[in-house]
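This briefing covers how two parts of one protein chain meet.

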Amino acid sequence: MKATAKAHTNIALIKYWGKRDESLILPMNNSLSLTLDGFYTTTTVTFKEKLSEDIFYLNDHLITGEQYNRVTKFLDIIRSYAQRSNLYAEVSSINHVPTAAGFASSASGFAALAAAATRALNMQISEQELSKITRRGSGSACRSIYGGFVEWEQGMKDDGSDSYAVQLVSNDHWDVRVAAVVLSATEKKVSSREGMKRTVDTSPFYTSWVNSIPNDLTQIKQAIQDRDFEKVGQIAEANCLKMHATTLGANPPFTYWHDTTMSVMQEVRAMRDRGVPAFFTIDAGPNVKVLYLPEHETTVQKTLREIHGVNDVIVSRSGQGITYL
Ligand code: PMV
């Protein structure tokens, strides 16, 4: 009863921001992402009859506290699905995501955990079912089941049975690159969970955000099919700015941006003025991801590295979905 799975993280071009059901993790809107090959998690799950509780190692360290609780709570969901309520597991994850640099690893982490745990229990489930289960660990993780460009369909049902990700095009459809810009400044941030809740509950801009999503999605999906980079970039960048605008209207207001976040945004716009098509997007943190095409890799990397306050630039291509090792 042992399995190992590898999952990549993903970057949302149309953001998931806000839940309609906190416990089932059902979103207020559809979202769309690109799976990234540069950041991934490999997880081995071994269910053992003799264990009386789960054990979790992350990067070879025994984990307790809040991080452990999230893992064991998620395993409870899988156990109840498989009707194996008294069977505990040893989980060992290696994160190839620079967590210290403020990059979220929950997407690749929960996708790899869900895949390894369900495989270890020999559950015969479809990728769609796996995406639904993964969603319960972390919303954005349900998109990491697939490679390439992926859409998470919010679904309408109260039980979440129609809320899962679907692949739009696989990772060989289009060679779009993403540079993850690692900033040196780190600060205690508002978690995505808390940030989106506060925004849904208090921001007067929230309804407008939700209403703007269907049009962004229609446009970006067509642009992805057409491999229209300018259009994809423009829509993604504008969608990111709209999401972040909702946080400024929240009570109390907050932002994920640092001064260097804004310097990177300005430098990306300046590259465009110089004829280099590059566009940014930002998740629930200060780091910026920059989209560009392969022919501009050298220029984009060099420009980003020269910005004061930038520690590192990590380049990704479009990544694969779940693989079993
Ligand atoms: O799934 P979570 O709780 O990590 O939330 C992700 C929220 C954003 O990264 C800001 C947007 C997204 O769609 O990934």
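A salt bridge here is a side-chain nitrogen of Lys or Arg within 4 Å of a carboxyl oxygen of Asp or Glu. By that rule, two salt bridges cross the interface of domain 1 and domain 2. The model is predicted.

**Domains**
- The domain assignment divides the protein chain into domain 1, residues 2-173, and domain 2, residues 177-316.
- Between the C-alpha centres of domain 1 and domain 2 the distance is 23 Å.

**Contact and buried area**
- Domain 1 brings 32 residues into contact with 42 residues of domain 2.
- The size of an interface is often given as the accessible area lost when the parts come together.
- For domain 1 and domain 2 the buried area is about 3100 Å², with 69% of it on carbon and sulfur atoms.

**Salt bridges and polar contacts**
- Lys221 and Glu151 form a salt bridge, in which the closest N and O atoms are 2.7 Å apart.
- Ten residue pairs, both residues at pLDDT 80 or more, are in polar contact between domain 1 and domain 2.

**The side of domain 1 that touches domain 2**
- The elements that give two or more residues to this side are strand 1 (2-14), strand 4 (31-48), strand 8 (149-153) and strand 9 (164-169).
- Strand 4 gives the most to this side of domain 1, with six residues.
- By residue class, the side of domain 1 that touches domain 2 holds 19 nonpolar, seven polar and six charged residues.

Note on methods
Residues numbered from 1 in each chain as written. Predicted model: local features only at pLDDT ≥ 70, side-chain atom pairs only at ≥ 80, totals over all residues. Heavy atoms only, no water. Domains from an automatic or database assignment. Contact = heavy atoms within 4.5 Å. Buried area = accessible area lost by both parts, 1.4 Å probe. Polar contact = N/O pair within 3.5 Å; in protein donor to acceptor, adjacent residues only side chain to side chain. Helix = DSSP H or I, 4+ residues; strand = E, 2+ residues; numbered from the N terminus. Nonpolar A, V, L, I, M, F, W, Y, C, P; charged D, E, K, R; others polar.
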